[in-house]
Amino acid sequence: MSTETKLSAVDRSHDISQPLEKLHPNERLKDQSNYLRGTIEQSLAAPLTGSVTSDDTKLMKFHGIYQQDDRDLREERRRQKLEPAYQFMVRVRLAGGVCSPRQWLKIDELSELYGGATLRMTTRQTFQFHGILKPNLRSTIQGLNEVLLDTIAACGDDTRGVMCSVNPHLSALHAEVYDLARRTSNRVIPKTRAYHEIWLNGEKVAASDADTPPEDPIYGRTYLPRKFKFGFVIPPVNDIDVYAQDVGLIAIADGEKLLGFNLSVGGGMGNTDNAPETFPRLGDVVGYFPKEKLFDIAVATATIQRDYGDRVDRMHARFKYTIEDRGTDWFKAELASRVGFPLEEARPFEFTSNGDTYGWVQGSDGMWHFTMFIENGRIRNTPQRPLKTALRELALVHKGELRLTPNQNLIVANVADAEKPHIADMLAAYGLDSSIHASALRLNSMACVALPTCGLAMAESERYLPTLVTKVERILADHGLENVPITMRMTGCPNGCARPYIAEIGFTGRAPGKYNFYLGGGFHGQRLNRLYLENVGEARILEELGKIIAHFARDRHDKEHFGDFVIRAGYVRAVTGGKDFNS
C-alpha cells in the first residue's frame, strides 16, 4: 500500500480525506506493518544487539511488550561505550485480574527464570515482568501460553486490558460481571495472527490484499489512534476508577441480579506538562442499556473512536478528546446509528469509596476471601519478608482463585470453610495477615513503576513513595489522624498510570526529586484534583501538608474526606490552561 493511498472505510480517521502520508508517522507504520508483523522476527534474530529496531519497538507494544533499559546503568554504560542495558517489560492480558493457582505458579516460575525474580501487579489488574532479555522473550510468552494466558493488546493502539470491580461480598453479581468483562476482552482484542506466528511458531498467514478479508475486521490495518481502555465497576465501590476509563460500564443490579449498565465515556488520565491542550478528564455518564446489548455497545464505541479519533496529533488522539471536542449528544447519536437503538436514561447508582476491603470477607455464596496489602504491587523476596515465596506456597495449596485488585493488592479468593483455617495459618506464618494493619494512608497509596525501567519517568515513584508515606504518617499521627483514610498516588511522569489526578493527594514527576503536587480529588473517584504547587521537593511537600493536615484536624466537618475539606477550605489553585479540573 503506497503512502498516497487513502485509508479504507474500516480505517477512516476523523478526516477521511487525509492521505496516509498526512497523518502521524505511526499511522503509516501500522498500515505498512502487515497487521503488526513488521520486521519483528528479524529484530529478534539480530545477534549483535539487545534491542530491536525503532519501528519494531512500536509494533511490539501491540504484542504486550515494551523495550526499556536499566536507567540506573545508563550513564556508566555510556562511559564504557556500551549500548544501553536493553531489556523488555512484558505485560499479561488478564481481564478482571483473575487467575488460577496454576497460572500464578507459571507466572512465578517465568519471573524466576527470566524476570529478575520479581513481579509487578499493575494498577490495571495484571502482571508485568521486568528485565526480560531479548533471547528470552519467546520462552516467556510460550510459557504463558501453556497456562492459557497471552499478552495480546496489553499495550499499543488498541483495546487495552479490561478491568473489572472486585467485590467479594456480591458473589453471583461479581461472577457475572467478571465473565462479561472477560468475554468483552476476547471480543475487542485485535485478531491478527501475527502474535501466534512470531511468538508461538504459528502457521504463517498470507498477507491480505484487496480481494481478501482483512485480518482485523474491526480495526483494519491501522487499528486505533491511541490506547483505548474498558472498565467494569460494581457500585458502591469504585475500585477501578470508572471515570478514568475511556469506556466505563457501571453495573446496575436488582440485588445480585444484573440488569444492565450505565455507560460512561471519555475518561482518561494522560497529561503533558506545559501543554494546556492536554488534560486529565473524567468520563461522562451518557445513558443506560440492558446487559444483552453489551457486546454491540462495546464494539460500536471502539469503532467510533477508530473512525473519529485524531490520527494526526497523537497528543490529541485519546477518546477523551474526541468526546470533549464533539460532545456527548453527538456521541449518543453516533452510537445509536451504529447499534440501532438509543441509550435509555441513566439509572441511579452511588459510589462510597474506591479502595479495597482488607482481611477476611465472606461472600453471599458462603465462600471466603482474604485481601492483603501489597505495597505498590511489587512481589519479591527480601530478607525481612519472603513475599514471593509465601505466595508461591499459597498457590500450591489454594483451590480457589487469586484476584488482582485495581489498587495493586491481592485477594486469595473462594476459600471454602474447610480450607480457611489452613490458609489463615499460612497467611499468619508468613506475616501476610499483618499487612492489613498498615496505616489508612498507606493502605490507600499507589505508585507506578517509574525509575529505573520506565523510559518516560522523570522522577522516582515506586521506590520513593513508601518513604514519603512514612513521613506523612508521622504528621497525621501528631494530629490523631492515623486511622483516617486518605488517597495518595504518585507517578514518575505526567501520564498518570497510577491515576494520580483522582487522588486526594497526587504527585507527578518533573525531575529527579521534584514533583507537581495536586490536592482535592474525590475519595471515591468522582472529582479530579487540582494543581497546588509545581516542581517542588520533599521538604516543601511536607511543609505544606503539615499546615493543611493541621487545619484539617481542627476544622473538618464530621467524617469529612480530606479532599472535600481541601476544596471547601480553598487550599487549591487551578493552573490548567483554562480547563476546569472540577467539571
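Which side chain does Asp246 meet in a salt bridge? Hi everyone, let me start there: its partner is Arg318, at 2.8 Å, N to O. By salt bridge I mean a side-chain nitrogen of Lys or Arg within 4 Å of a carboxyl oxygen of Asp or Glu.

Before going on, a word on the source: this is a predicted model, where local features need pLDDT of at least 70 and side-chain atom pairs count only at pLDDT 80 or more, while totals for chains, interfaces and linings use all residues. Residues are numbered from 1 along each chain as its sequence is written, and side-chain values use heavy atoms, with hydrogens and water left out.

Back to our pair. Asp246 sits in the loop between β7 (230-233) and β8 (247-254), and Arg318 in the loop between α9 and α10, so this bridge ties together parts 72 residues apart in sequence. Helices (H or I, at least four residues) and strands (E, at least two) are DSSP runs, numbered from the N terminus. Asp246 is buried at 0% relative accessibility, and Arg318 is buried at 8%. Buried here means under 20% relative accessible area, exposed means over 50%, and partly exposed lies in between, using a 1.4 Å probe and protein chains only.

The structure holds 47 salt bridges, and here are two others. Arg314 meets Asp157 at 3.0 Å, N to O. Both count as buried, Arg314 at 18% and Asp157 at 6%. Shared partners join Glu27, Lys30, Asp157, Arg311 and Arg314 into one salt-bridge network.

Then there is Arg392 with Glu112, at 3.6 Å, N to O. Arg392 belongs to helix α12 (residues 387-397) and Glu112 to helix α5 (residues 101-114), so the pair links parts 280 residues apart in sequence. Arg392 is partly exposed at 22%, and so is Glu112, at 38%.

A cavity is a set of points on a 1 Å grid over the protein atoms alone where a 1.4 Å probe fits but cannot get out, and lining residues have an atom within 4 Å of a point. The whole structure has two cavities of 30 Å³ or more.

Around it are Leu36, Phe62, His63, Ile152, Pro190, Thr192 and Tyr195.

Definitions and conventions
1 Å grid on protein atoms, 1.4 Å probe; cavity = no way out; pocket = protein on both sides within 12 Å on 5 of 7 lines; lining within 4 Å. Points joined across faces, edges and corners; volume = space filled by probe spheres on them.
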